[in-house]
Amino acid sequence: MSIPFLDLGAAYRELQSEIDTAVARSLASGYYIGGPEVDAFEGEFAAYCGASHAVGVANGLDALHLALRAMDVGPGDEVIVPSNTYIATWLAVSQCGATPVPVEPNARTFNIDPDRIEAAITPRTKVILPVHLYGQPANMDPILAIARKHGLRVLEDGAQAHGARYKGQRLGAHGDVVTWSFYPGKNLGAVGDGGAVTTNDAQLAHRIRVLGNYGSRVKYVNDVQGYNSRLDPLQAAILSVKLRHLDEWNSRRKILAKQYLDGLSSASLVLPYVPNWAEPVWHLFVVQHEHRDALQKDLTDEGITTLIHYPIPPHRQQAYSELQIAGNVFPIAEHMAARVVSLPIGPQLLAQDVAKVIACVKARGQ
């Protein structure tokens, strides 16, 4: 019996009748850019996140880039980013001509360590960009306090944290803007690329919408040099269907995560740590193991698919060689990159599958 990392086909089959109806409705509407499906989803998603505004865009990277542009981030500016994140967080900063300034994570939560942020602030710092990594909220209160103290904006990368709560409140409007990815593997995933921003700031929402529409508010009248980044109506229709099931699917993930935590408590692994103020949505279940590669091979041999999130920190990527970061400057991020492995998890995964993973890890991962 093989166990996939995430079964997207099973997710579609579970909602097939609802999704097919939504797709047919969208196609029949004649709106293929914008239109009622996008308007409806933006309203539904804003309400779900507890935000005043949502703006659909083409993907998660564009969401980050457009949000930074709307905050007037440009050449000469610096943006504080986690050293431990997917490279898209950094790429959005670079696309604005600004410089990403890495800050190490808390070794237990994987998320950016607020205690290290202030030391990284310079006169060129404009934005603090925490990531809610693996579906667990970053510690927002101290981050927001630091930002207010220094007159900085806060942009949250929520690409992996749809529905997660920080101190009882859903992510979506703690900082100035929250960006989202609807990549198919996300907790709220489309059947292609898609993204959005949520915010309580009407001016920022408007600027992001204009920037994503060629810099235009009125057709053929271009106020600024913009981009073409809009959420597709077909994807919006599908996302509206999936949004109605998101809390239930996140609850299934939580049950499976508890099964992992209980079943692997005696294994020679470092298990995920959840602070008492966090309600994660378990986009990923990431453990650390001293001999990660050997463990991953053993699980592969048993038909269990695992992934590594992420094997190379951004500062070690060739894409950022110009930063000339030499030596062990970010040891926590590098330590994690050498040890992390993500076990299968998803709303269609069965408890018996998790039991097999647990048994294989305990048998071969000691």
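Biologist: In this predicted model, which residues of α9 and α12 meet each other?

Modeller: From α9, L256, Q259, Y260 and G263 meet A351, V354, A355, V357, I358 and K362 of α12. By class, this contact has seven nonpolar, two polar and one charged residues.

Biologist: Why are α9 and α12 called roughly parallel to each other?

Modeller: The axes of α9 (residues 233-263) and α12 (residues 351-364) come within 10 Å and cross at roughly 25 degrees; angles under 35 degrees count as roughly parallel, and the two helices are therefore described in that way. The crossing in which α9 passes α12 is right-handed.

Biologist: Turning to the nonpolar cores, which residues touch the most other members of the largest one?

Modeller: Of its 39 residues, these are L68, V73, V79, L129, L155, V177 and I208. At least two residues of this core come from each of β1 (53-57), α4 (60-70), β2 (78-82), α5 (88-95), α8 (202-211) and α11 (331-339), and α4 supplies the largest share, six residues.

Biologist: How do you know that L155 touches L68?

Modeller: Contact requires heavy atoms within 4.5 Å, and the residues that L155 touches include L68, as well as L64, V127 and V177, leaving aside those up to four places away in sequence.

Note on methods
Residues are numbered from 1 along each chain as its sequence is written. This is a predicted model: local features need pLDDT of at least 70, side-chain atom pairs count only at pLDDT 80 or more; totals for chains, interfaces and linings use all residues. Side-chain values use heavy atoms; hydrogens and water are left out. A nonpolar core is a set of buried Ala, Val, Leu, Ile, Met, Phe, Trp, Tyr and Cys residues joined through side-chain atoms within 4.5 Å. Buried means under 20% relative accessible area, exposed over 50%, partly exposed in between (1.4 Å probe, protein chains only). Helices (H or I, at least four residues) and strands (E, at least two) are DSSP runs, numbered from the N terminus. Axes are lines fitted to C-alpha atoms, for helices over the stretch in contact, and angles run from 0 to 180 degrees between N-to-C directions. Angles under 35 degrees count as roughly parallel, over 145 as roughly antiparallel, 65 to 115 as roughly perpendicular and the rest as oblique. A crossing is left-handed if the near helix is turned anticlockwise from the far one by less than a right angle, and right-handed if clockwise. Ala, Val, Leu, Ile, Met, Phe, Trp, Tyr, Cys and Pro count as nonpolar, Asp, Glu, Lys and Arg as charged, and the others, Gly among them, as polar.
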